[in-house]
Amino acid sequence: AKMPERAERAIALSHRPAELIERLYSYLIAHDGVEEGFGWLVRLRELSSSPESAEAYVDRMMALSLDQAELPELAERAIELSDERPRQIERILTYYKQHGETEAALRWLWRLASAFEGSAEREQCLERIVDYALNTADAREQAEQALEQSTDPQPLLELFFEHDHHLGDR
């Protein structure tokens, strides 16, 4: 426990803290300090000098939380820090779908639709919600909510028709 405390003191006094933070991060990750390591990535993001490098730290947070540690709750925190929310939401959506977590996937599909408020992409998200809610999540009421919010309901109605038609075939 001494090493991280000493490192934190050195970082506080350093003129180039990023290098020291990277070393501390590597140490923490090697010693199962995923949540602490995540916190230092947040700090590196705050110290970054450009939006591109800030987003690169968010990418690292997403990779750490989803690919290495399988802690989607950390990824959800990273998304809040992102300037590219739709791209990061797609990453967590993939994670939740791969792990069969349909409620979480639907929740993030709705967040994605919100991120696209007032744009053409929003309709595509609503269509994805209808498709996923009907065909994967067995959540018809959410599909109906998406239909109600649509400004172009025809493609969504076709998904309902297809789904109900296939149910009739069984």
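Predicted model: local features only at pLDDT ≥ 70, side-chain atom pairs only at ≥ 80, totals over all residues.
Local features were considered at pLDDT of at least 70 and side-chain atom pairs at pLDDT 80 or more, whereas totals for chains, interfaces and linings use all residues. Residues are numbered from 1 along each chain as its sequence is written, and side-chain values use heavy atoms, with hydrogens and water left out.

Within α6, Gln88, Ile89, Ile92, Leu93, Tyr95 and Tyr96 are buried, that is, under 20% relative accessible area with a 1.4 Å probe and protein chains only. Because these residues cover an arc of only 160° around the axis, they lie on the same side of α6, the arc being taken over the directions from the helix axis to the C-beta atoms. They pack against α4 (51-68), α5 (72-81), α7 (102-115) and α8 (120-135), with contact defined as heavy atoms within 4.5 Å.

The axes of α2 (residues 17-30) and α4, fitted to C-alpha atoms over the stretch in contact, come within 14 Å and cross at roughly 5°, which makes the two helices roughly parallel (angles under 35 degrees). The contact involves Glu22, Tyr25 and Ile29 of α2 together with Tyr57, Arg60, Leu64 and Gln68 of α4.

Asp32, although not a glycine, has a positive phi of about 60° and is found in the loop between α2 and α3 (34-47).

Conventions. Buried < 20%, exposed > 50% of the residue type's maximum accessible area, 1.4 Å probe, protein only. Helix = DSSP H or I, 4+ residues; strand = E, 2+ residues; numbered from the N terminus. Axes fitted to C-alpha atoms, helices over the stretch in contact; angles between N-to-C directions. Parallel < 35°, antiparallel > 145°, perpendicular 65-115°, else oblique.
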